[in-house]
Amino acid sequence: MDLTLLWKTVLIGIVEGITEFLPVSSTGHIILAEELLHFEGPPGKVFEIVIQLGAILAVCVLYRVKIWNTVTGVVRREPIAMRFAASIIVGFLPAAVAGVVAYKYIKSVLFSPMVVAISLIVGGFAILLIEHFAQRPRVKSVDDIDLKTALFVGICQCLAMIPGVSRSGATIMAARAFRVDRATAAEFSFFLAIPTMLGATVYDLYKNRETLDWHGSGIIALGFVVAFVAALAVIKPFVRFISRHGFAAFAWYRIAVGALALVLLLMR
């Protein structure tokens, strides 16, 4: 097996796992990383799709107790579990509808390094503004997020269909605007990622079913495992970090990476 392809696969998997749940845009980083590394994985989109599943699995493992308690609580019709499940469903629906309607346009027009670079910069300044003007939090548990807040978060999640915006960034900042504290906003974003990313993955597989090629399954498996391990290592430290220090560091990182990418793209 090509050693160069192996280390590129590992790097792409690390990028996916680390950035998927941070407010920096995993899709944008994957597009830029593949462009800079001249990465050519298996034909079709199966590699990019499968490594996202690795990141999703990490959330399911880390929050397995909450997920299990919610599922069993819904079966027993417990009010807290029912309310939490309803908020996730309400938050998921806007992106589900928008994704089906705008899928072709998004994939054909917006998936470019230039769009990513600009979105990273704009999103970075948006995070700084929201953090500066955010009011004192009134919601400090995912169980207390009401349907109005969940719907607003879900609508803002639609912005993340633009590469470089960041699904995590859009949902976390939307929750912050509704006075949800930082750690709770991040955790709600993680839970909302499960149906959103699973739905997007299934739909992506369906739309690309004729071009998918499972040759190079070793590369696909390696990317999946690396993305899973990287996400597993990042999620909990991320929550602790933003609880103490906020999101400014991620905002400046976005601006720096976006500006660098813009310069490199314009110099080509």
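Reader: Which helices do the buried residues of α11 pack against?
Author: Keep in mind that this is a predicted model. The buried residues of α11 include F250, R254 and L265. Their packing partners are α2 (26–37), α6 (113–133) and α10.

Reader: How far apart are the end C-alpha atoms of α11, and what span should its 20 residues have?
Author: Helix α11 covers residues 248–267, and we count 1.5 Å a residue.

Reader: Are α9 and α10 roughly parallel or roughly antiparallel to each other?
Author: Look at the axes of α9 (residues 182–207) and α10 (residues 217–245): they come within 8 Å and cross at roughly 150°. Angles over 145 degrees count as roughly antiparallel. The two helices are therefore roughly antiparallel.

Reader: How do the residues of the contact of α9 with α10 divide into nonpolar, polar and charged?
Author: On the α9 side you'll find R182, A183, A186, E187 and F190, and they meet I235, F238, V239, I242 and S243 in α10. Sorted by type, the contact has two charged, one polar and seven nonpolar.

Reader: Which element gives the most to the largest nonpolar core?
Author: That core has 44 residues, and F21, F188, F190, F238 and F247 have the most contacts inside it. Elements giving two or more residues include α3 (46–62), α5 (79–110) and α10. With ten residues, the top contributor is α9.

Reader: Which residues does F238 touch, leaving out those up to four places away in sequence?
Author: F238 sits in α10, where it takes part in the meeting with α9. Its α9 partners include A186 and F190.

Methods
Residues are numbered from 1 along each chain as its sequence is written. This is a predicted model: local features need pLDDT of at least 70, side-chain atom pairs count only at pLDDT 80 or more; totals for chains, interfaces and linings use all residues. Side-chain values use heavy atoms; hydrogens and water are left out. Axes are lines fitted to C-alpha atoms, for helices over the stretch in contact, and angles run from 0 to 180 degrees between N-to-C directions. Helices (H or I, at least four residues) and strands (E, at least two) are DSSP runs, numbered from the N terminus. Angles under 35 degrees count as roughly parallel, over 145 as roughly antiparallel, 65 to 115 as roughly perpendicular and the rest as oblique. Contact means heavy atoms within 4.5 Å. Ala, Val, Leu, Ile, Met, Phe, Trp, Tyr, Cys and Pro count as nonpolar, Asp, Glu, Lys and Arg as charged, and the others, Gly among them, as polar. The expected span of a helix is 1.5 Å times one less than its number of residues. Buried means under 20% relative accessible area, exposed over 50%, partly exposed in between (1.4 Å probe, protein chains only). A nonpolar core is a set of buried Ala, Val, Leu, Ile, Met, Phe, Trp, Tyr and Cys residues joined through side-chain atoms within 4.5 Å.
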